[in-house]
Amino acid sequence: WRASRLPAEVQTELRNKILVARGSVKEPVDYTLIERESENLIRQRLKQDANLAELDRGFVRTQIVEQVKAQYQVVPPGTLRRWTLNFGRRGAGLGQETLHARVKFFSAVQSYAPETFAAIWQVGPPNGRRLQMGPMSLAAESFHEFKIPPGLLDENGVLTMDFLNLNDTALLFPLEEGLEVLDPEGGFGLNFVRGLGVILCWLALLAAIGLATASFLSFPVAAFCSIAILVIGFSTGTLRQVIEEGGISPVNRDTGLVDVPRAIDRVAVPIFKGLLWTINLVRDFSPVDSLSSGRSITWGQLGRAVAQILLLMGGLFAAIGIWTFHRRELATAQGP
């Protein structure tokens, strides 16, 4: 209702980017190939340089994996990078729809001064009608969106996009978020209802945790335990950092890893891995972020939220509470 008071051009932008349910298509990443190439490169480096064997293998592997990934991410000056995005069966219904490309890249040269980079995009089938867009002036380390006119998908629902680097420095497009194309899948209302459904699953899990702890603890202790579980749920960043560093002991500044894991590290890392896996079953949903950015919350995501949050985790706590309450001696009969 308040958006109706905005200027017409702002309302159009709002309907196209926020008050809509947009699907996302990215180029698939072959992580198996990256892992295989990294292992081959590690073996070659160990044969060529015996000193590498003295370094932490995890640190060496991380560095080499990043080098291999750079081959797929970096666009040197004067070269072209091609993305092939397959919309599958959805492509048949997008012939007259305007798509939006979302781009993010990094510059090989770090500069504190504001700087923009020239970008030319060629969109369309390689052997058919192609549209050149640009040159655009884009800033590094931030997301940019631009429109893709309709009619540029081929007969198989595949969109081909080429980026030509006209700059004097190399640009890096991350594999996970370098380029994605957003297409309209539905309206905001039904998407909003699905988002509320995910949030309702979270609230149901909270209720199950509170009832389970209250079945065998006093009110203050039950409240404390419930809050402690929530704090652990919000500590995924700390858990992930401990797992990546290999422990909670002091970290070597050169390698970024624990030098000699102590007994507590050998116990903590497997426990933290299990905790992180369990927490991600619940946290692996972002309805608020999706709604605020106009992303589609699919029925599949809602069904997965019901299965993982409500039935699996909520059902587990409910079963613990029911069993405990059933076995608990609520009162003792007093003799005459």
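Helices (H or I, at least four residues) and strands (E, at least two) are DSSP runs, numbered from the N terminus. The structure is a predicted model, in which local features need pLDDT of at least 70 and side-chain atom pairs count only at pLDDT 80 or more, while totals for chains, interfaces and linings use all residues. Residues are numbered from 1 along each chain as its sequence is written, and side-chain values use heavy atoms, with hydrogens and water left out.

The chain contains nine helices and 11 strands. Of its 336 residues, 34% are buried (under 20% relative accessible area, with exposed over 50% and partly exposed in between; 1.4 Å probe, protein chains only). Contacts are heavy atoms within 4.5 Å; of those between residues at least 6 apart in sequence, 75% join residues at least 24 apart.

The accessible surface of the chain is about 20400 Å², and carbon and sulfur atoms account for 60% of this area. Accessible areas come from the Shrake-Rupley method with a 1.4 Å probe; for residues, only the protein chains shown count as cover. A nonpolar patch on the surface is formed by Leu 200, Leu 203, Leu 206, Leu 230 and Phe 234, which together have about 520 Å² of accessible area. Patches consist of residues with over 30% relative accessible area and no salt bridge; like charges are joined within 9 Å, and nonpolar side chains (Val, Leu, Ile, Met, Phe, Trp, Tyr) within 5 Å. A salt bridge is a side-chain nitrogen of Lys or Arg within 4 Å of a carboxyl oxygen of Asp or Glu. Helix H4 (residues 188-214) supplies the largest share of the patch, three residues. Leu 203 lies in helix H4.

Glu 141 is located in the loop between strand E7 (131-139) and strand E8 (144-148). Although Glu 141 is not a glycine, it has a positive phi of about 65°. Glu 141 is partly exposed, with a relative accessible area of 47%.
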